[in-house]
Amino acid sequence: VDRLSRLAAAALRWCARLLAGRTEWAEAILAEAENVPAGCQRLAWLGGGLRLVFRESMIMRKAGAICAFAAAVGWVASLSWTRSPVNRVTVANRVSVLVTVALLAGLWLAGRRLVGPAGAGRTQRLVRAGGYATVLALTLGKVSVERMRGPADLGPGAGGLLWTGEALFLLMMAIFTAVVIMATAQRSPVTTGTLLRGIAAGLPIGIAVFLFLPLGVVRYQASRVLPAVPQGTLGAFAWVAVLVAPAVAGVLAVRRFPSSQALPPAAGRASVFSARLGMAFALYGAGTDGSAESEARIRQGVAAGLVAGLTGAMLAVLLGTATIALLPHDSQLLGWLYPHLSRAAILPAEQGAGSNAAGYLLLLLAVPFAGFGIGSIGAMMATPDLARPPGGGPPGDDPPTASPPPDGGTDRSSDNGTEPVVSLA
Amino acid sequence: MTSLRAFSPQTVSVLAALCAEPSVWRHGYTLAKQTGLKSGTLYPILLRLADRGLVVASWEDEAAPGRPRRHLYRLTATGLAAATAAAAPEPTAAREGTAPRGRRPARLAARRAVRWTG
């Protein structure tokens, strides 16, 4: 038993380093163990210390997350590596899968250094897992769709376009992943409320754009996703969603942002970068008092717009890509989408859909950019200090000062994702 | 999502042990013996209480010969208020059924003393 106790003490001493910033609690148990009677009691005492380390370091959760990620990557890779003939598209797809996986892992590691690990809140963990799942699902959908490309995409001269498309796709996946990691990190400059408002605004964008363009970026009049609604109306809905939703998210993110007592913690270079980028894009010449609270509010608005655009674009492209990928396998879906085509005419239509899916890259680029810009404008309009003209302004036109929250500034539950989650045993 | 959560019986026992002599610094092993809790239960509770400012932790100034310095614990003023409220006996009116329905005032005060998120 004494030997086991010595082993447990050594293990506890070694594992204490897992408790970043809280190693003193493991050291306290170790120090106290000297006062516990030797034998089984001391061994149980040290075992309790190991239990504390495993619980507080959340090592099991981290191991579970890594295993889930590895399983998802393995599943996507196995589906992407099926017995397809080796041609230019196949090679591009395999490279795309490998680079996407490297991006997901690399950005996760880089994010830990810049803005810390994932936040302790359930929302942040769910959003991060959902973001990773979206990237992997979109990669799988893209691989499936590109198998349906026609011979024109495989001929000489098509390689440059193909690789340019791959590079743009990977760039957008990197931007999306980086935003997900930053927005859900412990030292994120974005509050949980802002993140949720951006996602909520992005959902109608994604659905509206998908209903308008369910089979790629093409004016395909015969699709019957919503048979009773004319295509023009669907287009108008999509435009309204793309233009209005990020602005609403930006305005709400600014207005619901708590007072200066609840500013999110600084996130290092990434935080400064995002604030400067927002300023440079939307606030050029607008004038600002430069206060920390104004910058933080603007940052929330810009982030909400960007998250809305990214969510909308990813959702629309994911739904559209999945629809196209399912075409050869689902006869019911086929009859629903192509009611006027005979079976013999379906193959060219499928091939057309595969090529049209490449147009989704435009959505992936344009919608987040629009969300970023419109969210910035919404933030600029909603931030009171920025609306004040230089030199003061007319009497009585002062912006309303932020009143302290009813609980004296301690209640940050709705808008701050950085609050540690604690519970009593 | 923030919610109020009651002190667990184990936490109440730790608070009660610390509250008995609030000005005295206690060792972890002493608390474990007093409360009957194992180290794997006691220390997470102390850690949470310290996080919330109810308990202050400190290392001994000088170590006993041949032994490492020990970690000491004591209630803060807020912790004392929370512990007193949590340990307060049930009001007579409530026992007799004349008090308004709902949570007991002392427990409620203790719950309000600290917000627990979950």
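Me: How do I read exposure on a helix, and which residues are exposed on the other side of α4(B)?
Reply: Start with the cut-offs: buried is under 20% relative accessible area, exposed is over 50%, and partly exposed is in between (1.4 Å probe, protein chains only). Here Ala77(B) and Ala87(B) are the exposed ones on that other side of α4(B). Before we go on, this is a predicted model, where local features need pLDDT of at least 70, side-chain atom pairs count only at pLDDT 80 or more, and totals for chains, interfaces and linings use all residues, while side-chain values use heavy atoms, leaving out hydrogens and water. Residues are numbered from 1 along each chain as its sequence is written, with chains lettered from A and ligands numbered from 1 in the order in which they are written.

Me: And which residues of helix α4 of chain B are buried?
Reply: A helix here is a DSSP run of H or I with at least four residues, a strand is a run of E with at least two, and both are numbered from the N terminus. In α4(B), residues 77-87, the buried set is Gly79(B), Ala82(B), Ala83(B), Ala85(B) and Ala86(B). They span an arc of only 165 degrees around the axis (taken from the directions from the helix axis to the C-beta atoms), which puts them on the same side of α4(B).

Me: Which residues are buried in helix α2 of chain B?
Reply: In residues 28-35, they are Gly28(B), Tyr29(B), Leu31(B), Ala32(B) and Thr35(B). Looking down the axis of α2(B), you find them within an arc of 160 degrees, so they line one face of the helix. Their cover includes α2 (23-33) and α3 of chain A, along with α1 (9-20), β1 (26-27), α3 (39-51) and β3 (71-75) of chain B.

Me: Let's pick one residue: what does Leu31(B) touch?
Reply: Contact means heavy atoms within 4.5 Å. Not counting residues up to four places away in sequence, Leu31(B) touches Ala17(B), Leu18(B), Arg26(B), Gly36(B), Leu42(B), Leu46(B) and Tyr73(B). Leu31(B) is buried, at a relative accessible area of 0%. From Leu31(B) to Leu42(B) it's 11 residues in sequence and 8.1 Å in space, C-alpha to C-alpha.

Me: How do I read a helix pair, and at what angle do the axes of α1 and α3 of chain A cross?
Reply: Axes are lines fitted to C-alpha atoms, for helices over the stretch in contact, and angles between N-to-C directions run from 0 to 180 degrees. The axes of α1(A), residues 2-15, and α3(A), residues 40-56, come within 9 Å and cross at roughly 25 degrees. That makes the two roughly parallel: the label covers angles under 35 degrees, with over 145 roughly antiparallel, 65 to 115 roughly perpendicular and the rest oblique.

Me: Which residues make the contact of α1(A) and α3(A)?
Reply: From α1(A), they are Leu4(A), Ser5(A), Ala8(A), Ala9(A), Ala11(A), Leu12(A) and Cys15(A); from α3(A), Arg42(A), Leu43(A), Leu46(A), Gly49(A), Leu50(A) and Val53(A).

Me: Back in chain B, what pattern does the sequence follow?
Reply: It reads α-β-α-α-β-β-α-α-α, with six helices and three strands. Of the 118 residues in chain B, 40% are buried.
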